Amino acid sequence: MNARLRLVADRAAATADPLHEEPGPGAARCLGLYAKLAAGVAVVTARGQDGPLGMTVSAVTSLSARPPLLLACLRDGSRTLAALRARRAFAVHLLREEQRELAGRFASSTTTAAERFAGTDTRQVLGVPVLAGALAWSVCLTEDVRRYGDHHLVVGRLAAVHVGPGRPLLWHDRRFGSLTEPLPDAAG
């Protein structure tokens with residue numbers, strides 16, 4: 001291949017979208033697999049320039065007890081992600097099984113930030129909007145943010161924590177659900 005054709009081929013390879021060029025199953029098959037993962041439902045909130053922002057997420061997990069870290073996955077381009085990057089703090093709320101409507105409101109792409117927070121009891125903890133009534137919540141200081149595909153992994157260091165009684169709201173097979181077995185006694 002002559003030098004000019006090689007340069008054109010190299011430029012084309014450099015500008016190709018790596019998400020579309022990756023080998024493996026298509027997005028629909030991957031999403032079908034992901035739908036079978038059972039997950040707790042959480043709302044992530046952050047303070048934006050014009051007020052509180054938030055979104056529903058299903059990919060939240062513990063990362064470390066010492067230091068206390070958790071991991072959340074947020075969609076690329078979300079205003080909540082931009083706010084937590086700018087302010088370096090966010091809150092994660094684990095929702096109760098009774099909070100399906102709240103989860104749906106924070107998941108809707110057509111609902112404004114003001115509409116998402118309307119009628120919710122919200123207070124500020126370490127400068128971050130915290131929703132009252134969640135099963136549990138934590139205010140986190142942003143440790144790291146890294147892009148992987150169409151989402152960002154956000155690692156937060158727990159700075160404040162509240163855990164209440166109740167049962168979690170679950171997400172499985174593209175719908176909300178609840179635990180069916182009784183909760184064990186507190187004594188375990």
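User: In what order do the 7 strands of the open sheet lie, and is their pairing parallel or antiparallel?

Analyst: Please bear in mind that this is a predicted model. Strands are numbered from the N terminus, whereas the order of a sheet follows its pairing. Here the 7 strands are arranged as 3-2-6-9-10-5-4, and the pairing is antiparallel.

User: Which strands are the edge strands of this sheet?

Analyst: One looks for strands that pair on one side only; in this sheet they are strand 3 and strand 4.

User: How many bridges join strand 5 to strand 10?

Analyst: These two antiparallel strands are joined by 7 bridges. Within strand 10, Gly156 is the residue that stands opposite Leu70.

User: Which strands does helix 4 lie across?

Analyst: Helix 4 lies across strands 2, 3, 5, 6, 9 and 10, and its angle to strand 2 (42–48) is about 55°. Helix 5 lies across strand 2 and strand 3, at about 110° to strand 3.

User: What is the order of the open sheet formed by 3 strands?

Analyst: Its order is 1-11-12, again read from the pairing, which is antiparallel. Strand 1 (39–40) and strand 12 (175–177) each have a single partner strand, so one side of each lacks a neighbour in the sheet. Strand 11 (residues 170–172) is joined to strand 12 by 3 bridges, and His172 stands opposite Arg175 of strand 12.

User: Turning to pockets, what volume has the largest pocket, and which residues are closest to its centre?

Analyst: The largest pocket has a volume of about 1500 Å³. It is lined by 42 residues, and Leu31, Tyr34, Ser58, Asp150 and His151 are the closest to its centre. Among the elements that give two or more residues to this lining are helix 3 (27–35), strand 3 (51–57) and helix 4 (79–87). By class, the lining comprises 23 nonpolar, 13 polar and 6 charged residues.

User: How many charged residues has the lining of the second largest pocket?

Analyst: That lining has no charged residues, with 11 nonpolar and 5 polar. The volume of the second largest pocket is about 260 Å³. Its lining numbers 16 residues, and Leu70, Leu94, Ser138, Leu158 and Val161 lie nearest the centre. Strands 4, 5, 6, 9 and 10 each supply at least two of the lining residues.

Terms used: Residues are numbered from 1 along each chain as its sequence is written. This is a predicted model: local features need pLDDT of at least 70, side-chain atom pairs count only at pLDDT 80 or more; totals for chains, interfaces and linings use all residues. Side-chain values use heavy atoms; hydrogens and water are left out. On a 1 Å grid over the protein atoms alone, a cavity is a set of points where a 1.4 Å probe fits but cannot get out, and a pocket is an open set with protein on both sides within 12 Å along at least five of seven lines; lining residues have an atom within 4 Å of a point. Grid points are joined across faces, edges and corners, and a volume is the space filled by probe spheres set on the points. Helices (H or I, at least four residues) and strands (E, at least two) are DSSP runs, numbered from the N terminus. Ala, Val, Leu, Ile, Met, Phe, Trp, Tyr, Cys and Pro count as nonpolar, Asp, Glu, Lys and Arg as charged, and the others, Gly among them, as polar. Two strands pair if DSSP finds at least two bridges between them. Contact means heavy atoms within 4.5 Å. Axes are lines fitted to C-alpha atoms, for helices over the stretch in contact, and angles run from 0 to 180 degrees between N-to-C directions.
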